[in-house]
Amino acid sequence: MVRVQVPATTANLGPGFDCLGMALKFYNTVEMSVYAEKRLVIEVLGEGAQEIARDESNLVYRAARMLFKKVNLGPPGLRIRLINNIPLARGLGSSAAAVVGGLVAANILAGNRVPFREILNMAHQLEGHPDNVAPALMGGVVVAAVVEGEVRCLKIDPPPGLKVAVAIPDFHLATHAAREVLPQQVALADAVFNLSRAALLVASLQQGRLDMLSTAMEDRLHQPYRASLVPGLKKVLAAARLAGARGACLSGAGPTVVAFADSNLEHIARVMKETFRENGVNARTLVLEPSTVGVRALEIKTK
Ligand code: HSE
């Protein structure tokens, strides 16, 4: 049996649409073992226990099957146990965690025959964009570009002291629905606006210049359009900054909002929750730290 732990991730970080993401110290666990007979048994505990498929359409299973096929094995009978903390369809990378957890657990069972680079490309293929799967695999902040289907990426360490206040609305927003509201073309001025912020954001994170984040986390490519799907979004972002956040943005495709700061995180989280409530949205909050490690195998203690 193998047990792997996969971090939640927050993608885009404001301006870095589809290319920037950060791993968070908030984890799902995937346990996987091979059955001699060709049978699939899936157990789900925690988040999504009522909703997640337990048949061959299960995302962790689909990722595992892809890996086994790649090495010309099986797929064998599998027992999969998911212990989930990451809420589904809220913009915290639950599907990336499922894909990465499934691929990496299966790769260990298959004798680690598939190299990291290929795991990353397979994860991207299943997920459709690299900005959650890359940090889920590598940890830290990851900058990713896709070149003819291949992910090219670099990890940078998050600045020391950076913490993340997270407000998670109690409704689901599917990424594909949140992509449908985006325009196919944007004005050159908006493209330049985002390019300059995204570049500044990477430099700010590398140099620990949290004072730059209020500018560096601005966005014109996706948040203005997605505001129609997340009641109060603009107000929550503004309230977080007023409460002391260095920068704030929609987490991935939303509806979760994240705010970056080095102090007063509980206060910032509370203000975000209250502002959501004033806009008719119930939200729960977390205060998290960036995770510098990505997916990893956990030791299994045998009695
Ligand atoms: N970058 C993607 C989006 C989210 O904003 O649609 C990744 O899950």
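In what order do the strands of the open sheet lie, and is their pairing parallel or antiparallel?

Reply: The model is predicted: local features need pLDDT of at least 70, side-chain atom pairs count only at pLDDT 80 or more, and totals for chains, interfaces and linings use all residues. Residues are numbered from 1 along each chain as its sequence is written, and side-chain values use heavy atoms, with hydrogens and water left out.

The open sheet has 4 strands in the order β8-β9-β7-β10, and the pairing is antiparallel; strands are DSSP runs of E of at least two residues, numbered from the N terminus, and two of them pair if DSSP finds at least two bridges between them. At its edges stand β8 (247–250) and β10 (283–288), each pairing on one side only. On average, neighbouring strands are turned by 15° against each other, direction ignored; axes are lines fitted to C-alpha atoms, for helices over the stretch in contact, and angles between N-to-C directions run from 0 to 180 degrees. The antiparallel pairing of β8 with strand β9 (residues 257–261) extends over 4 bridges, and within it Cys-249 stands opposite Val-258 in β9.

Two helices (DSSP runs of H or I, at least four residues) pack on this sheet. Helix α9 (residues 233–242) touches β8 and β9, contact meaning heavy atoms within 4.5 Å, and its direction makes about 160° with that of β8. Helix α10 (residues 265–278) touches β7 (163–169), β9 and β10, and its direction makes about 20° with that of β7.

Elsewhere, helices also pack on one another. The axes of helix α2 (residues 94–109) and helix α4 (residues 130–138) come within 9 Å and cross at roughly 50°. This angle makes α2 oblique to α4; angles under 35 degrees count as roughly parallel, over 145 as roughly antiparallel, 65 to 115 as roughly perpendicular and the rest as oblique. Ala-96, Val-100 and Val-104 of α2 meet Asn-132, Val-133, Ala-136 and Leu-137 of α4. By class, this contact has 6 nonpolar, 1 polar and no charged residues, where Ala, Val, Leu, Ile, Met, Phe, Trp, Tyr, Cys and Pro count as nonpolar, Asp, Glu, Lys and Arg as charged, and the others, Gly among them, as polar.

A further pair consists of helix α1 (residues 59–70) and helix α3 (residues 116–127), with axes that come within 11 Å and cross at roughly 135°. This makes α1 oblique to α3. Among the contact residues are Met-66 of α1 and Met-122 of α3; the contact divides into 6 nonpolar, 1 polar and 3 charged residues.

Terms used
A crossover is right-handed if, with the strands pointing away from the viewer, the path from the first strand over the helix to the second runs clockwise.
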